[in-house]
Amino acid sequence: MAVTLASWQAFAVASAFFAGLTAIFGKLGVEGLNSNLATLIRTVVIFFVTAAIVTWRQEWLWPAGARLRPVAFLLLSGIATGLSWLFYYRALQMAPASLVAPIDKLSVVFAIVLALVFLGEPLTPRLAIGGALVVAGVLVLAWPAGG
């Protein structure tokens with residue numbers, strides 16, 4: 001029996017893989033550089049890669065009827081992303097990637113809690129157990145070794 005992933009799952013696995021590469025490349029990239037400058041370089045590269053993809057797919061048209069509320073949330077998301085990257089690169093500069101990356105995965109737990117509080121998503125036993133396992137994994141992988 002072949003196992004297939006739904007398209008969102010395939011994208012999520014690809015995201016996780018590239019996030020892993022991000023930790024390794026980022027750790028190598030902050031050697032001898034200011035972590036804020038490293039974040040700026042990364043951001044510029046992301047801008048150009050994303051602009052190239054949008055151009056290639058011909059997606060520059062603004063959707064008819066688009067509202068400003070989603071754009072405001074995208075701006076807030078961009079600010080949160082930038083702050084996340086600044087803190088992440090600074091942490092990579094100060095500690096091994098094998099300790100920083102697991103702690104960064106606490107974002108899963110924060111996303112679960114924030115989704116419960118702000119989006120009204122239900123807390124299922126599966127979600128609670130999974131979140132607890134992420135916390136346990138972070139504690140096993142990073143906290144005692146990094147202490």
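This report walks through the helices, core and aromatic residues of a predicted model.

## The nonpolar core

Let's start inside. The largest nonpolar core is made of nine residues: Ala 23, Val 30, Ala 38, Tyr 88, Tyr 89, Leu 92, Ala 97, Val 100 and Ala 101. Two helices, α3 (68-94) and α4 (97-104), each contribute at least two residues to this core.

Leaving aside residues up to four places away in sequence, Tyr 89 is in contact with Gly 26, Val 30, Ser 35, Ala 38, Thr 39 and Arg 42.

## Helix α3

Helix α3 is 27 residues long, and the distance from its first C-alpha to its last is 39 Å, close to the 39 Å expected at 1.5 Å a residue.

Which residues of α3 are buried? They are Trp 85, Tyr 88, Tyr 89 and Leu 92. A reminder about helix geometry is handy here: with 3.6 residues a turn, residues three or four places apart in an α-helix point the same way. The buried residues of α3 pack against α1 (7-29), α2 and α4.

Arg 42 sits over the face of the Trp 85 ring, 4.2 Å from the ring centre. Arg 42 is also among the residues that Tyr 89 touches.

Leu 40 belongs to helix α2, which covers residues 35-56. Is Leu 40 buried, partly exposed or exposed? Its relative accessibility is 49%, so Leu 40 counts as partly exposed, given that exposed requires over 50%. Leu 40 and Leu 86 are 46 residues apart along the chain, yet their C-alpha atoms are separated by 8.9 Å.

## Aromatic pairs

Now for the rings. How many aromatic pairs does a search of the whole structure find? The search finds three. One of them joins Phe 17 and Phe 18, whose ring centres are 5.2 Å apart; their planes meet at 75 degrees, so this pair is edge-to-face. Phe 47 and Phe 48 form another edge-to-face pair, with 5.2 Å from centre to centre and 75 degrees between the planes.

Are the residues of these pairs buried or exposed? Phe 17 and Phe 18 are both exposed. Phe 47 is exposed too, because its relative accessible area is 52%, and Phe 48 is exposed with a value of 54%.

Technical notes. Residues are numbered from 1 along each chain as its sequence is written. This is a predicted model: local features need pLDDT of at least 70, side-chain atom pairs count only at pLDDT 80 or more; totals for chains, interfaces and linings use all residues. Side-chain values use heavy atoms; hydrogens and water are left out. A nonpolar core is a set of buried Ala, Val, Leu, Ile, Met, Phe, Trp, Tyr and Cys residues joined through side-chain atoms within 4.5 Å. Buried means under 20% relative accessible area, exposed over 50%, partly exposed in between (1.4 Å probe, protein chains only). Helices (H or I, at least four residues) and strands (E, at least two) are DSSP runs, numbered from the N terminus. Contact means heavy atoms within 4.5 Å. The expected span of a helix is 1.5 Å times one less than its number of residues. Rings of Phe, Tyr and Trp (its six-membered ring) pair if their centres lie within 6.5 Å; planes under 30 degrees apart count as stacked, over 60 as edge-to-face and the rest as tilted. A charge sits over a ring if NZ of Lys or CZ of Arg is within 6 Å of the ring centre and within 35 degrees of the ring normal.
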